[in-house]
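Dear colleague,

Please find below the structure for your review. My notes on its disulfides and its pocket follow.

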Amino acid sequence: MTLSNLLLLLLIFLSSTAADLPGTWDLLIPDAGIASMHTAVTRFNTVVLLDRTHIGPSRKLLPKNRCLPNPVHPVRKDCTAHSVLLDLQTNNIRPLTILTDTWCSSGQFLPDGSLIQTGGDLDGFKKIRKFTPCEPGLFCDWEELQDAELYQGRWYATNQILPDGSVIIIGGKTANSVEFFPPRKEIGAVKFPFLIEVEDRQMDNLYPYVHLLPNGELFIFANNKAVSYDYNSNTVTRNYPILDGGPRNYPSAGSSAMLALTGDYSSATVVICGGAEYGVYLQRTVGSPAHGSCGRIEATRPDSVWEMEDMPFGRIMGDMVILPTGDVLIINGAQAGSQGFELASNPCLNPVLYRPDQPEGLRFMTLNPGSIPRMYHSTANLLPDGRILLAGSNPHYFYKFNSEFPTELRIEAFSPEYLSSDKANIRPNLVDSPEKVGYGEAFEVAMTVELPVVGIVEVNLASAPFATHSFSQGQRLVKLSVETAAVDGGGRYRIKCTAPPNGEVAPPGYYMVFAVNLGVPSVAKWIQVVA
């Protein structure tokens, strides 16, 4: 057999192997005009995509007479958009106007569904911006707040909504403090020494991983250490064991998610996966293999320790997305290098499914690979129809299209196996749910499904996080207490549910509500959880 025949057989084998793996890919937008560094899904089924502002021209024009001054070159005008709004129903892209620099900034949705966006570089360092979403077809745009600004400039910070609906803003480059929105004038920015303790020569304390625990405290992880933080008294109430495997935060490029809250909501488990060897960022060793280890800890148990597992691939810059089922999708990223401009290689094209309820050693499943590298400055967000939106990838200082890993303007959707056609007859159709529920309130949802229901149908609330730099700020899945589905006839069922008990379990705001039947989710409706 000739060498060419052997290569052909190998290619056929690899193609068939990939085709047999779960999940499918779709190209939604061939050219969004911008590479999204920050992405968030609104309650109107639109998606806000946001890049750096002072990056030079994008490929999406602003409306006529909306050109902006360029602070780097004051004589020139920038007539291109650096933020756009995607309508998921039509795939239409509309330019948005953002004035100050949003490079490596942070964000979070407020209880009323508006998106608060904070910090950045240059003239955006202390800025607070707001986007109040609207129905598709109506006009809404970014607003730069004039009556409020950050007490301390923040670049690479993390935002987390709190039980009372306010937002805590944590850290940032040279900002080892916390502050709040709305601003708390009586305290301003409060020093947070933990961030100083974990800083090393290459930082590794930027974009800290922050999870609101159901006891009301914050689990905060930076570098290789974590604490439980009482933000009301500004005290660290617990130091967790060190997580082995090197630094995990920016620029060492791991990711983190808190697993679904369920049962009596007293327990919360955090998972942190991937990362780069210490020194890779400093030495710019682009080919240095990424870590494949994951640490898992029950953050609410007093004597808990990290349980270690290994992913099928070493990965940096992976995004961890909690699916409506409670499984976690790990997607995007590279297998070598670190975060930073042109500092990574060997894209990791295979998503991985993490199934937390499976026995240790059986939790990871390799999924069907994509074809578009999603490297530095990529995002991944859960959509109401259960797909995952993939956007961005720009490992260059400016837009650059003639390189091995070019600036990426295409937007894709990945469909997990639960959306395959052979599961259509057990896929629920959520036909009715309330628009608003209060804490602890009993309510009903109604659904239809082709085959008779067997077992318990879950009703789960998924937040809409702000995704940037391999971490989804404010991501949360809450599994509601439900009763057995009652038959209405004609394939229709009613399910009695109980809303989350308080803001520690589910901060006030808008959530996607999914019915999940035998591991297959419905298309979500939006529900507002209020105090």
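Are C134 and C140 buried or exposed? Both C134 and C140 are buried, where buried means under 20% relative accessible area, exposed over 50%, and partly exposed in between (1.4 Å probe, protein chains only).

Please note that this is a predicted model, in which local features need pLDDT of at least 70 and side-chain atom pairs count only at pLDDT 80 or more, while totals for chains, interfaces and linings use all residues. Residues are numbered from 1 along each chain as its sequence is written, and side-chain values use heavy atoms, with hydrogens and water left out.

Disulfides

The structure contains three disulfides, a disulfide being a pair of cysteine sulfur atoms within 2.5 Å. Counting bonded cysteines along the chain, the pattern is 1-2, 3-4, 5-6.

In the bond between C67 and C79, the sulfur atoms are 1.9 Å apart. This disulfide is right-handed, because the torsion about the S-S bond is about 105°. C67 sits in the loop between strand 3 (46-50) and strand 4 (68-69), and C79 in the loop between strand 5 (77-78) and strand 6 (83-87), so the pair ties together parts that are 12 residues apart in sequence. Strands (E, at least two residues) are DSSP runs, numbered from the N terminus. C67 is partly exposed, at 35% relative accessible area, and C79 is also partly exposed, at 30%.

The disulfide of C134 and C140 has an S to S distance of 2.1 Å and is left-handed, with -70° about the S-S bond.

C273 is joined to C294 with an S to S distance of 2.1 Å, and this link is right-handed at 115°. The pair connects distant parts of the chain, from C273 in strand 21 (residues 269-275) to C294 in strand 22 (residues 291-298), 21 residues apart. C273 is buried at 4% relative accessible area, as is C294 at 1%.

C348 is buried, with a relative accessible area of 5%.

Largest pocket

The largest pocket has a volume of about 680 Å³. Of its 29 lining residues, T325, G326, D327, R355 and D357 are the closest to its centre. A pocket here is an open set of points on a 1 Å grid over the protein atoms alone, where a 1.4 Å probe fits, with protein on both sides within 12 Å along at least five of seven lines; lining residues have an atom within 4 Å of a point. The volume is the space filled by probe spheres set on the points, which are joined across faces, edges and corners. The lining comprises 14 nonpolar, seven polar and eight charged residues; Ala, Val, Leu, Ile, Met, Phe, Trp, Tyr, Cys and Pro count as nonpolar, Asp, Glu, Lys and Arg as charged, and the others, Gly among them, as polar.

Kind regards

Technical notes:
Helix = DSSP H or I, 4+ residues; strand = E, 2+ residues; numbered from the N terminus.
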